[in-house]
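Let's walk through this structure together, one question at a time. Have a look at the sequence and model first.

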Amino acid sequence: MKIRVTILFLCLSLAMVNAHWRTFLKRPGSRRRCPSGFTLWGRGCYRYFNYKCTWDSAARYCSRFRQTRTHKVNRAHLVTIDSARENNFLLNFWRRRRGRNTAVWIGYNDKRHEGKFVTQGGCLPRYKRWDRSEPNNQHGEDCATMWKTHHNRDNGAWNDLRCTTKLAFICKISL
Ligand SMILES: [Ca+2]
Ligand SMILES: [Ca+2]
């Protein structure tokens with residue numbers, strides 16, 4: 001009888017510790033943190049850089065940032081966009097920071113296979129938001145931007161541009 005009571009007591013104690021720990025993990029900021037200067041949204045950290053860079057330089061610049069958690073390092077990359085919701089978030093994020101800039105680098109290029117846009121790591125995009133008649137590879141355009149034109153009315157659509165164009169960019173750390 002004594003042993004049964006002890007086991008029951010131990011189980012109850014473990015359940016309480018477990019519940020407490022789960023509540024702690026769910027607290028805002030306790031689980032997902034972004035490095036200084038980055039904004040947390042969903043499962044990502046985002047930062048806008050108003051340095052005018054080629055696509056390659058922007059990608060290299062992003063990779064210097066990282067977020068370290070126990071046993072895991074998440075490195076930053078040029079922003080990738082996985083859903084219409086994220087594209088919309090990013091459009092508003094960019095609007096608040098862009099000043100007079102009308103295009104910003106995002107993390108896709110078709111340098112290896114014309115017309116097949118992939119991320120820095122070579123993955124296919126999970127979502128696309130190309131503007132009408134884009135990507136058009138005009139004069140060898142291989143790198144993706146989000147852009148603002150009179151025609152698209154600043155709706156977050158994407159356009160390919162020459163990778164050597166110098167633009168501001170957005171880095172993302174996927175959490
Ligand atoms: Ca191209
Ligand atoms: Ca284009």
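Q: Which residues does Trp105 touch, leaving out those up to four places away in sequence?
A: This is a predicted model, where local features need pLDDT of at least 70, side-chain atom pairs count only at pLDDT 80 or more, and totals for chains, interfaces and linings use all residues. Residues are numbered from 1 along each chain as its sequence is written. Contact requires C-beta atoms, placed from the backbone, within 7 Å. On that basis Trp105 touches Trp55, Ala58, Leu78, Cys143, Thr145, Leu167 and Phe169.

Q: Why is strand 9 largely enclosed by the rest of the structure?
A: Strands are DSSP E runs of at least two residues, numbered from the N terminus. A residue is buried if 20 or more other C-beta atoms lie within 10 Å of its own. Strand 9 is largely enclosed because of its buried residues: 7 of the 8.

Q: Which residue of strand 9 is the bridge partner of Arg47?
A: Strands pair if DSSP finds at least two bridges between them. Strands 2 and 9 run antiparallel, joined by 7 bridges. In strand 9, Arg47 is partnered by Cys171.

Q: What is the average pLDDT of the chain?
A: pLDDT is the predictor's confidence in each residue, from 0 to 100. It stays under 50 over residues 16–30. Of the residues, 82% score at least 70, and the chain average is 88.

Notes: Chains are lettered from A and ligands numbered from 1 in the order in which they are written. Two residues are in contact if their C-beta atoms, placed from the backbone, lie within 7 Å. A residue is buried if 20 or more other C-beta atoms lie within 10 Å of its own, exposed if 12 or fewer, and partly exposed in between; C-beta atoms are placed from the backbone. Helices (H or I, at least four residues) and strands (E, at least two) are DSSP runs, numbered from the N terminus.
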